[in-house]
Amino acid sequence: MIKNFYITTPIYYPSAKPHMGHAYSSIIADFFARFKRIQGYNVFFLTGTDEHGQKIQRAAEKKGMDPKSFCDEISKTFFDLSKTLNLSNDDFIRTTEHRHKKSVEKLWDILEKKNEIYLSKYSGWYSVSDEAFYSEDEIHEIDNIKISKISGSKVEWVEEESFFFKLSQWQKPLLKFYNDNPNFILPESRRNEVISFVKSGLKDLSISRKSFSWGIKVPSNKDHVIYVWLDALTNYLSALNYPDTNDKLYKSYWPATIHLIGKDILRFHAIYWPAFLLAANLPPPKRVYGHGWILSGDEKMSKSKGNILDPIEIINTYGLDPLRYYLLKEVSFGNDGNISQEKLENCINSDLANNYGNLCQRVIGFIEKNLNLNVPENYNFIDEDKKVLDIYKNEFDKLIMSIDNQNINYYLNFIQDQLFAANKYFNDQEPWKKKEDVLRLNTILYVSLELIRKISIMLYPIMPDSSLKALKIFNINNDKININSIKDHETLIKKQSINKISILFKKIEKND
Ligand code: MSP
């Protein structure tokens, strides 16, 4: 069986510096990428920046900069964020790179040769902020300003010569494609939204602009630049060295396993993108997952609303891993999620410092005092031991399925339950009272070590650094982590020495 897994984040507009919503998309993608790697898959994980179009051109003009230098500067902040977030991405693509331009031009060429493109005139509404065309019934007026009902952003009237993609012809094939691939769009509520939108009829799509120049030129008509979404979506192919379809990367990883995106850009990924690909005779991605928004109060966190929690500030104050854990746990994946500094602090204190950190400290501290930091030399599992150990084996298939269905919360709930169970086990078994019964004492300690190992492996995709710190107890490093090994509970070699562990998470002092 081929075990290749290709996951992408949206490529971010470098129009302003990154915020929590961007960090969220990236952290989730990293979680899946890391999980599939420790499951033995070959993973290709892509992120990057979306640098062309009117939105970026205007942002650069506002700063009095040429668009390329402007992009260089802000794209770097996204690149730096990928390091700060400890993303395990295999590539970082910028749409101003030559490899990308080549790929977009080729895709255009194919669509043109296949007679999927024609020249006409566009007159209608356009939102520069969304880089999207809206029909009359998607617009309303508030205080004399025309606004998109869908995104709430301002629209302006555009009237110019434009190339069109014959999207209307793809209505039926798309509906068939959704029907044949019921898990193409997830979660299901978003799939239903998309299907009803497509059923209501598709108009041909304007795919070039003439009134500005910041973009990739239409190969056959240099007065036009290619519509930024056709340009941007193609990044998923360019990173695999498309148009060289014999390239190893392309062969191994296309079609993508999953494009992870925010719900606001679903239309582009679930309608336009598969239509372009089907028209070019290329296979569409296997899945598009539209996650919800990170909210602050009841509103989407966004620069224009001024309600940003800066990921860098949060990381500087609390550390990266707590933020990663908190975002994954707090947001019911697929839905919008409200986050706050206070809830983050509570989460650090309860789940991380009290539950996970404390378990590691107590068990290793006890083994240091009583077994001189060695794995016990004998053990004999009784029912109470098997109960806490076997659950990993019994639940394993469900856990894998939860990941493959992007049911992150199931996975996190399982970890939380097992952390609770492991602490309870150690308390209830009272090893400090069993010093006379050496076999029982050793068994309790062996079980406790195994539980720490299993939980730490499960935590690896969520909090890679903290997990690796904990796994150092057993000298398990990055390359040796294997999720399948949580099924097993006799992995520790008797009498082998283990390592001490420093404090994993500091408790946050609260005044109240
Ligand atoms: N450049 C396009 C994507 C092109 S992909 C071929 C774009 N960029 S963006 O920078 O505006 O947004 C990137 C992603 O961040 C989107 O998936 C968007 O949903 C996500 N988020 C932006 N704000 C967000 C929140 N407040 N919460 C969660 N994610 C949100 O769109």
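**Ground rules.** Before looking at any sheet, I noted that two strands pair if DSSP finds at least two bridges between them. Helices (H or I, at least four residues) and strands (E, at least two) are DSSP runs, numbered from the N terminus. This is a predicted model, where local features need pLDDT of at least 70 and side-chain atom pairs count only at pLDDT 80 or more, while totals for chains, interfaces and linings use all residues. Residues are numbered from 1 along each chain as its sequence is written, and side-chain values use heavy atoms, with hydrogens and water left out.

**Entry: the three-stranded sheet.** I started with β16 (residues 294–296), which pairs with β17 in the antiparallel sense over two bridges. Across that pairing, S296 stands opposite E299 in β17. I then traced the open sheet of three strands, and its order is β17-β16-β18, with mixed pairing. At the edges sit β17 (299–300) and β18 (337–338), each pairing on one side only.

**Entry: β2 and β3.** Next I looked at strand β2 (residues 42–49), which runs parallel to β3 and is joined to it by four bridges. I found L46 opposite D91 in β3.

**Entry: a hairpin.** I moved on to strand β6 (residues 139–142) and strand β7 (residues 145–148), which run antiparallel with four bridges between them. I139 has S148 in β7 as its bridge partner. The two strands make a hairpin with two residues between them, and D143 in the turn has a positive phi of about 50°. N144 belongs to the loop between β6 and β7 and counts as exposed because its relative accessible area is 70%.

**Entry: another positive phi.** I looked up N372, a residue other than glycine with a positive phi near 55°. N372 sits in the loop between α13 (341–371) and α14 (383–404). At 62% relative accessibility, N372 is exposed.

**Entry: cis peptides.** I noted a cis peptide bond between Y242 and P243, with omega about 15°. P243 lies in the loop between α8 and α9. Another cis peptide bond joins W254 and P255, with omega about 5°. P255 is in the loop between α9 and β14. While there I checked Y253, which lies in helix α9 (residues 248–253). Y253 counts as buried because its relative accessibility is 10%.

**Entry: cysteines.** How many disulfides does the structure hold? I got zero, taking a disulfide as a pair of cysteine sulfur atoms within 2.5 Å. C347 is in none, and the nearest cysteine sulfur, that of C360, is 16 Å away. C347 is buried at 3% relative accessibility. C360 is buried too, with a relative accessible area of 0%.

**Entry: the ligand.** Which residues come nearest to the ligand? Of the 24 residues around the ligand, they are I11, D50, G262, D264 and I294; "near" here means a heavy atom within 4 Å. For polar contacts I took pairs of N or O atoms within 3.5 Å; within protein, one must be able to donate a hydrogen and the other to accept it, and residues adjacent in sequence count only if both atoms are side-chain atoms. A polar side-chain atom of D50 is 2.7 Å from a nitrogen atom of the ligand. I294 uses a backbone N or O atom, 2.8 Å from a ligand nitrogen. H22 has a side-chain N or O atom 3.3 Å from an oxygen atom of the ligand. Taken alone, the ligand exposes 660 Å², and the protein buries 95% of that (areas by the Shrake-Rupley method with a 1.4 Å probe; for residues, only the protein chains shown count as cover).

**Entry: who supplies the shell.** I listed α1 (20–38), α7 (228–233), α8 (235–238) and β14 (258–262), which each supply at least two residues of the shell around the ligand. α7 gives the most, with three residues.

Key. Buried < 20%, exposed > 50% of the residue type's maximum accessible area, 1.4 Å probe, protein only.
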